[in-house]
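I opened my notebook to look up a helix pair and the cavities in a new structure.

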Amino acid sequence: MSMMHVSHLGPPPSTAHIMRWVIAAMLPGLGMMTLYFGLGVLSNVLIAALLAVAAEAFILRLRRRPVWPTLNDASALLTGVLLGASLPPASPWWLIGVGVIAAVVVAKQLYGGLGHNPFNPAMVGYALLLVSFPTQMTLWAPPQAIWSDTLWPQILGTVPMTTLDALSGATPLDAFKHKGEAVLASEFWASSPLPEGTLAAWRNIALAWLIGGLVLIVKRLISWHIPVAMLGSMLLLSALFYASDTSHFASPLFHLVTGATLFGAFFIATDPVSSATSRRGKLFYGAGIGVLIILIRHLGGYPDAVAFTVLLMNLCVPLLDTVSVPRPVGQSTAHSGTKRSAP
């Protein structure tokens, strides 16, 4: 997450301090998800976190780098927690393992480790899983399904066919993408394919992520620029779509409280290494994510798009950091670029 520091307030917090606070700030969201979707949420996070730490330790051994000092920064642990929280509850262990390898081994360590990765590691793992295993990535149960009977199949890496129907409930974005835009919005809400309480569940989960994100801002561990720019651009563009055709486009509030919107705004987009560093760059970066999310949700093939849009904007970060750094008076533009550094 993008770190704020003012010199007269003392030394900046350590990487380990930031990472652990981010994990702590995720507890309200994880708790609310567990309340509605059961113990599979926690088992996802636990398996992903353990595998992420183990994968990082293994690669560090291969690279003949010190293991404990790197693991102690908690970046691998956070990557696992973020990835686990993004997956459908009680995902098979092998699915989580593939995502962890893509995130920790490929997106992080093969680039040189923390501070050198150009892409958000957790979102690299998630995006790979989404395009490679679309069926497993849509196995969301209806809210308030405890799923205690799926924990053992999760360890075995299989999902019994008898429970497959119970695990394939549509999320609000899935339902609206595949039915709502094909009919009048009023018809969608009148005969919603969503189980009763689904929208309320996702709204409450979104509010829990918002609480955790505000904690990080108050603690000055992330800045407000990226979340505000991302959410503001989403609300503005979705409002324009909605105003142009209220019969087929969802309202700005619907986009705000469904899917990974608030989770992405505070916990994904604000990654300190792969996001923009200057204040103006953060605003452009966050706004770009928000605009792309709405465009993909309305015009693309995926109902949600946080992972893809974050990765796309990661590609733009070097340019944003170059053009958005204030140029001292008298200095030519050719010399105004800056070099990115690890947090």
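**Ground rules.** I am working with a predicted model, where local features need pLDDT of at least 70, side-chain atom pairs count only at pLDDT 80 or more, and totals for chains, interfaces and linings use all residues. Residues are numbered from 1 along each chain as its sequence is written, and side-chain values use heavy atoms, leaving out hydrogens and water.

**Helix pair.** I looked up H1 (residues 15-25) and H5 (residues 75-86), which pack at about 25° with axes 9 Å apart. Helices here are DSSP runs of H or I, at least four residues, numbered from the N terminus. Axes are lines fitted to C-alpha atoms over the stretch in contact, with angles from 0 to 180 degrees between N-to-C directions. The angle makes H1 roughly parallel to H5 (under 35 degrees).

Which residues meet? Met 19, Val 22 and Ile 23 of H1 touch Ser 75, Leu 77 and Leu 78 of H5, contact being heavy atoms within 4.5 Å. I noted five nonpolar, one polar and no charged residues there (Ala, Val, Leu, Ile, Met, Phe, Trp, Tyr, Cys and Pro are nonpolar, Asp, Glu, Lys and Arg charged, the others, Gly among them, polar).

**Cavities.** My search of the whole structure gave six cavities of 30 Å³ or more (on a 1 Å grid over the protein atoms alone, sets of points where a 1.4 Å probe fits but cannot get out; lining residues have an atom within 4 Å of a point). Volume is the space filled by probe spheres set on the points, which are joined across faces, edges and corners. The largest cavity has about 150 Å³. Of its 15 lining residues, Ser 75, Leu 78, Thr 79, Pro 121 and Asp 271 are closest to the centre. H5 gives the most to this lining, four residues.

Methods
Helices (H or I, at least four residues) and strands (E, at least two) are DSSP runs, numbered from the N terminus. Angles under 35 degrees count as roughly parallel, over 145 as roughly antiparallel, 65 to 115 as roughly perpendicular and the rest as oblique. On a 1 Å grid over the protein atoms alone, a cavity is a set of points where a 1.4 Å probe fits but cannot get out, and a pocket is an open set with protein on both sides within 12 Å along at least five of seven lines; lining residues have an atom within 4 Å of a point.
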